[in-house]
Amino acid sequence: DAAKKTQEDWSKQRRVKECLNYYNGEQLKNPFDETGEVRLIQINKIHPEVRNNIPSLYYYRPFARLTTAPEQIDDPGTEIEADMQLLQDTANHLIRDPEGRFRDSTFLGLKEAHWAFGCVEVGYSPEFVDAPNAPKPPLKEKKDTKVPTPPKPGAPPDLQDMDAELASLKAQLKRERFFVKHIPYNQVFVSQSDKPILLENDWVGYWEDLPLEDVKKSEAYSNTNDLKSCTDEKDPRRDEKWVEETGAPDPVRLYKIWDLRTKVRYVLAAGHDKFLLQKRFNRCPLKFLRFDVDPYHFYPRPLILSKLDVQDEYNRSRQFIADVRDGIRPRYTYDEDAVDAKQIKKLESGGIGAYVPRHGGTQDPITPITQPSYSENAIQALT
């Protein structure tokens, strides 16, 4: 709760949602005029600027170079150069392997860093609840479903030993799947310590909603027998009626926490009073992109924040120019005794050289209306 409050305060103070809205082009509180028919002028300068920045910041196919530590390269008989080359080739293969989702996940994190911060989880796992590219079992889409263990096929007595040995070997053959998973900024939490250097905080983590059945089928988690569907209290997916109407699988919200003090990873479920996982770790797998790091807090200052007022002023200036353009259109009055109304319509629709008759003895049958005076220098400056 304290971590959520810290995140909410940062989001409100740094206007994170406004930054995202301005990027998406939702910049006017009321996009229409008083009549509700004419849309006010809005020229989004933030979105194209972000798009123009990305090519200079992001390489779709980066090349990783690994070098040997100077104190190890001159050891007698060392093969560290060959080892480093193998590590370098492996890293570049993983970056380019589409199954790892390096490009998609890091690209999303880069864009998100403009209005908040970017976050990805990197790692390897054979479990579908961890690796987004691991094969997932089919869903039954039933509330609080129980996942039975499928019965083993029968075998003749003389093949039982062979089947047991084969099953033992298969159990040991687990494919490690390297993955890079994008974590949306609003799902990331840091402890109330809120220090700018990640590892100096007490813990860091994120939440994600997964199908209840997937969590129960996972071999990585324990204490799932009495696990029930539960997300956020404000989440409409918590409503059983919504689940029944949409046919969606029952969700459960998992909180994945890395305790940076004890180096223990925890996985908890909303509404559940037991740990699903407690496991030691060596390095935190969450990687952050924060362009403007706050020297006193973990959450950064968004880049777009400084452009909000500039964008507002730009929209207001262009709207003012449009209002002036509409306001200084030529307008006239005419003498009803001098010119008939039907003749005036000829002047409205006629081109250059149009003429109409007027009654004799009249002066100034058509008079222009005096328009308000606007400073041409001011208009030119706004333009």
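**Figure 1. R280, an exposed residue of strand β7 in a predicted model.** R280 counts as exposed because its relative accessibility is 61% (exposed means over 50% relative accessible area, buried under 20%, and partly exposed in between, with a 1.4 Å probe and protein chains only). R280 belongs to β7, residues 277-280; strands (E, at least two residues) and helices (H or I, at least four) are DSSP runs numbered from the N terminus. Leaving aside residues up to four places away in sequence, R280 touches T262, K263 and V264, where contact means heavy atoms within 4.5 Å. A polar atom of the R280 side chain lies 3.1 Å from the backbone oxygen of T262. The model is predicted, so local features need pLDDT of at least 70 and side-chain atom pairs pLDDT 80 or more, while totals for chains, interfaces and linings use all residues. Residues are numbered from 1 along each chain as its sequence is written, and side-chain values use heavy atoms, with hydrogens and water left out.

**Figure 2. K263, in the loop between β5 and β6.** K263 counts as partly exposed because its relative accessibility is 27%. The phi of K263 is near 60 degrees, a positive value in a residue other than glycine. Most residues other than glycine have a negative phi.

**Figure 3. D194, in the loop between β3 and β4.** D194 also has a positive phi without being glycine, here near 50 degrees. With 10% relative accessibility, D194 counts as buried.

**Figure 4. Helix α2 and its buried residues.** Helix α2 spans residues 16-24, and its buried residues are V16, C19, Y22 and Y23. These lie on the same side of α2 because they cover an arc of only 125 degrees around the axis, the arc being that of the directions from the helix axis to the C-beta atoms. An α-helix has 3.6 residues a turn, so residues three or four places apart point the same way. The cover over the buried residues of α2 includes α1 (2-13), α3 (46-57), α6 (102-112) and α10 (308-327). Just after α2, G25 takes a positive phi of about 95 degrees.

**Figure 5. The largest nonpolar core.** A nonpolar core is a set of buried Ala, Val, Leu, Ile, Met, Phe, Trp, Tyr and Cys residues joined through side-chain atoms within 4.5 Å. The largest has 32 residues, of which F117 and I304 touch the most other members. At least two residues of this core come from each of α2, α3, α6, β3 (188-190) and β4 (203-211). Helix α2 gives the largest share, 4 residues. Not counting residues up to four places away in sequence, I304 touches C19, Y23, I46, V50, H114 and W115. Another core, of 16 residues, lies apart from this one, with A134, Y221, V267 and L277 among its members.

**Figure 6. The chain around these views.** The chain holds 12 helices and 10 strands. Of its 383 residues, 35% are buried. Among contacts with a separation of 6 or more, 69% join residues 24 or more positions apart. The chain exposes about 25500 Å², and carbon and sulfur atoms supply 52% of that area; accessible areas come from the Shrake-Rupley method with a 1.4 Å probe, and for residues only the protein chains shown count as cover.

Notes: Polar contact = N/O pair within 3.5 Å; in protein donor to acceptor, adjacent residues only side chain to side chain.
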